[in-house]
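Me: I should like to learn how to read some local features of a protein model. Please give the general idea before each case.

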Amino acid sequence: MQQSNFLLFLVLTVLCVRSAHSCMCDITHPQNKFCSADFVIKATIVREDLEFANNADDLPFPLMKNYTVQYKNADIYKGSSLLGSSDTLVIKTSGTPWNCGETFTLNKEYVISGFVSDGEFFTNHCQWNPEYLSLKPHQRRGLRHMYGQGCSCTVHYCRGDACDGDFPKSLNPDQTCIWPGSYNTNDCYAKYGFCLPDIFGVCDWKQNRMLRGCLKKEGGVLP
């Protein structure tokens, strides 16, 4: 009993310390998230199972959340060779928000992206996991066609004077599109932008009417 109380005290102490250190994710374009993921699917959440340490149900939080999802073969955007022939899948995520655990709502449909480790499927809050109904038509088109065509490119986010400074040495200018972002990370480029290579392999934003219209309305320009 004393050991259990000490463990609970230790956990609560960690909670207090970490409450000021929530999950921090880099600002990343949906195309980059698509390209860096092992799998991307559209799926419905059908079950949530909470996994506690050593089955200790008196702990105030789960260590892992395991979501069972259901999907159609036509809704596998990436990673079909990893998913096999089943129409259900268990996707794991951290049970705590400070470790970037993701939270899904039962019976809702999401785009879920993530990585595979030792045959298990994982996601987190820094992956791209929007509700499907929240996506713009261009983002849905990106999932089915355009994002995959641009995986040889990189979208580089910058803001303000940083966009006019030296180009990051780790990036090849010919394979990079500059995303002059705002504090609204779901801006015109995120909603309507595709960074694609031309016939020479040089990457640039693909011109389209919705992107131009959005930038004109918001007072932005293509870099």
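Reply: Helices (H or I, at least four residues) and strands (E, at least two) are DSSP runs, numbered from the N terminus. In this predicted model, local features need pLDDT of at least 70, side-chain atom pairs count only at pLDDT 80 or more, and totals for chains, interfaces and linings use all residues. Residues are numbered from 1 along each chain as its sequence is written, and side-chain values use heavy atoms, with hydrogens and water left out.

Me: Where is Ser 113 placed, and is Ser 113 buried or exposed?

Reply: Buried means under 20% relative accessible area, exposed over 50%, and partly exposed in between (1.4 Å probe, protein chains only). Ser 113 belongs to strand β5. Its relative accessible area is 1%, so Ser 113 is buried.

Me: Which residues does Ser 113 touch?

Reply: A contact means heavy atoms within 4.5 Å. Leaving aside residues up to four places away in sequence, Ser 113 touches Ala 37, Phe 39, Val 40, Phe 122, Thr 123, Gln 127, Trp 128 and Asn 129. For Trp 128, the backbone oxygen lies 3.0 Å from a polar atom of the Ser 113 side chain.

Me: What is the accessibility of Val 202, and where does Val 202 lie?

Reply: Val 202 counts as partly exposed, at 32% relative accessibility. Val 202 is in the loop between β9 (195-197) and β10 (203-205).

Me: Which elements have the lowest and the highest mean pLDDT?

Reply: pLDDT is the predictor's confidence in each residue, from 0 to 100. The chain has a mean pLDDT of 86, with 84% of its residues at 70 or more. Among its elements, β5 has the highest mean (98) and helix α1 (residues 2-18) the lowest (42). Over residues 1-20, pLDDT stays under 50, and the model has 13 contacts beyond four places in sequence for them. Where pLDDT is low, the predicted coordinates should not be read in detail.

Note on methods
Polar contact = N/O pair within 3.5 Å; in protein donor to acceptor, adjacent residues only side chain to side chain.
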